Amino acid sequence: MRYSNYFLPTLKETPADAEVVSHKLMLRSGMMNKLAAGIYNYLPLGLRVIRKVENIVRDCMNEAGAIEVLMASVQPAELWEESGRWGYYGNELLRFKDRHQRDFCMGPTHEEVITDIVRSYVKSYRQLPVNLYQMQTKFRDEVRPRFGLMRGREFIMKDAYSFDTTEEGANNSYQKMRNAYCKIFEACGLEYRMVDADSGAIGGSFSHEFMVLAETGEDMVISCDKCDYAANVEKAIVIDKGEVATAPMLEVKRVVTKAAHTVADVAAMLSLPPNQIVKTMIVVADEVLVAVLIRGDHELNEAKIKNLLGAAVVELATAAQIVEATGGPIGYSGPVGLKLPIYADNAVKYLRNICVGGNEKEIHLEGVNLERDFKVRQFADLRNAEAGDSCPVCTGSYLNTRGIEVGHIFKLGTKYSEAMKATFLDADGKSNDIIMGCYGIGIGRTAAAAIEQNHDENGIIFPMAIAPFHVIITMVNPKDEEVARASVELYDDLQKAGIEVLLDDRDERPGAKFKDADLIGIPLRVTVGARGLKEGLFELQERRSGEREMLPIAETAQTIVSRVRKALNLRG
């Protein structure tokens, strides 16, 4: 492709609303442009990257035995009502009516549709197992879309769904997808971790997330420093060490804590360590108020309390709900005399003489003890894991790293097949619910995550596998006939060898061309100038390392072909 004939509108300045690195660089490099909040157009350069990711995903899915389909993006409400998610999914589901006043939604995911397809055609165990996947545009009406493709409203997703007759078969399908996902992210040239994850709104018995590691990642990845255990912050297990408190119990003392309603404020005012203060969090679990006790230096994990209670929705109570339930304002809630079910993190179990809110404005209580002053309905692991916590698998300790979720796989079980009556007849003629799995990859998100992981102050550094072009040839002076001729000859030779080349034949200053080449992140750059031609040499520079070397003109094409093929793990 000749740059002069290509549509590649790079920007010198970063758009004001771009926050994270990938968002900034994808806009500046002309990969995409913003249409509305969380909605982007893919421009030619960006689309090439998207297609590269899609092709890698498609190859690995096909190799794993999955079969590609394409489902409608507009979905009827009836299917969502059957599964029970029409009212549950929330405002992220974009609902609308057609001209006949029938309810529809823009699909944020396709469990209902694929289950409807399979139940329509699959009747016997002889037709299973089957795994169907698609590449499709999804829409989730995020309340605050941000970070470009990281958290957009419209996005491209690969979603796959497996259907099996037995738990053993379902586990085998799940393992195939785990292996396929590892191959996908390795083939994309990304550093990633597979972590235990919470199933969230999709449901199911267990799941794993695939995280691309990046310092700018919005997700916390908890991993062991000695073994392979890893989980996201919602799922990471905090083991109950069973410490025993030995201090004698003190009498409860009522203290005035004027203008102190955070743990830090109270700790400073009363000269207490934060781990001796217990926060009483009032939460709403499926419209029922409950209290959750967490040590002052720990953070509540809403996913864990949700799973403990078997609740569909858990959220923090409003200020008005807190006043009504406790009699005091936010920041002063406590368990003593509280007429709500109380749940507590395991760490609270072993504390003595704690400080808690007094359920009254500017009042806290010191010397409070579990055995004497309040009762807990149930103790459990209810907090976020932290660096230094013990690994539940070995003797190691947790490390915290940042990551970007790019894939998520779920063991769904019969959640959807039972609700939607997707059944099969076994060898004895008995009807059974089909056992399902669900497997998603964010295509655009993977491209953005690759940029978050691979960039420098000058721009993007694409891995070869997903780079929009393998090589850019920069003509220092395209008006020089010898420079133009040599550049075109190299361009033709590389194209004939199957190398994807961008020929920068623009009549621009060399410095501007070099800046654009760095910005768009093409792995290899060949500079063709009059000085080098006189010596019979081309300059080859690697984008990642910045290393430059002068190559004989006759050897340049083959050298590039070899390096590209090596980077792509290709033969011949």
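User: Where is the place of Glu251?
Analyst: This is a predicted model. In it, Glu251 is in the loop between strand 12 (230–232) and strand 13 (253–256).

User: Buried or exposed, Glu251?
Analyst: Its relative accessibility is 67%, so Glu251 counts as exposed; the cut-off for exposed is over 50%.

User: Which residues does Glu251 touch, leaving out those up to four places away in sequence?
Analyst: Glu366, Gly367 and Arg372.

User: And what separates the C-alpha atoms of Glu251 and Leu316?
Analyst: A distance of 31 Å, with the two residues 65 apart along the chain.

User: Switching to Asn131. Which strand is Asn131 in?
Analyst: Strand 7, which covers residues 130–139.

User: Does the same cut-off scheme apply there; is Asn131 buried or exposed?
Analyst: Asn131 counts as buried because its relative accessibility is 10%, and buried means under 20%.

User: What is Asn131 in contact with, neighbours within four places aside?
Analyst: Gly65, Ala66, Ile67, Ala160, Tyr161, Ser162, Met177 and Tyr439.

User: Now the core. How many residues has the largest nonpolar core, and which have the most contacts inside it?
Analyst: There are 62 residues in the largest nonpolar core, and Tyr181, Ile184, Phe185 and Leu502 have the most contacts inside it. Helix 2 (residues 44–63) gives the largest share, 8 residues.

User: Where does this core lie relative to the domains?
Analyst: Between domain 1 (14–237 + 400–451) and domain 3 (469–567), because both give residues to this core.

User: What does Tyr181 touch, again without residues up to four places away?
Analyst: Met61, Lys158, Phe210, Gly407, His408, Ile409, Tyr439, Gly440 and Ile441. Tyr439 is also on the contact list of Asn131.

User: What about a second core; how many residues has it?
Analyst: A separate core has 24 residues, among them Val471, Tyr491, Ile499 and Ala557.

User: Last topic, helix packing. At what angle do helix 1 and helix 11 pack?
Analyst: Helix 1 (residues 21–28) and helix 11 (residues 443–453) pack at about 105°, and their axes are 8 Å apart. Angles of 65 to 115 degrees count as roughly perpendicular, so that is how helix 1 and helix 11 are described.

User: Which residues make the contact?
Analyst: Helix 1 supplies Val21, Ser22, His23, Leu25 and Met26, while helix 11 supplies Ala448, Ile451 and Glu452.

User: How do the residues of that contact divide?
Analyst: Into 5 nonpolar, 2 polar and 1 charged.

How values were computed. Residues are numbered from 1 along each chain as its sequence is written. This is a predicted model: local features need pLDDT of at least 70, side-chain atom pairs count only at pLDDT 80 or more; totals for chains, interfaces and linings use all residues. Side-chain values use heavy atoms; hydrogens and water are left out. Axes are lines fitted to C-alpha atoms, for helices over the stretch in contact, and angles run from 0 to 180 degrees between N-to-C directions. Helices (H or I, at least four residues) and strands (E, at least two) are DSSP runs, numbered from the N terminus. Angles under 35 degrees count as roughly parallel, over 145 as roughly antiparallel, 65 to 115 as roughly perpendicular and the rest as oblique. Contact means heavy atoms within 4.5 Å. Ala, Val, Leu, Ile, Met, Phe, Trp, Tyr, Cys and Pro count as nonpolar, Asp, Glu, Lys and Arg as charged, and the others, Gly among them, as polar. A nonpolar core is a set of buried Ala, Val, Leu, Ile, Met, Phe, Trp, Tyr and Cys residues joined through side-chain atoms within 4.5 Å. Buried means under 20% relative accessible area, exposed over 50%, partly exposed in between (1.4 Å probe, protein chains only). Domain bounds come from an automatic or database domain assignment.
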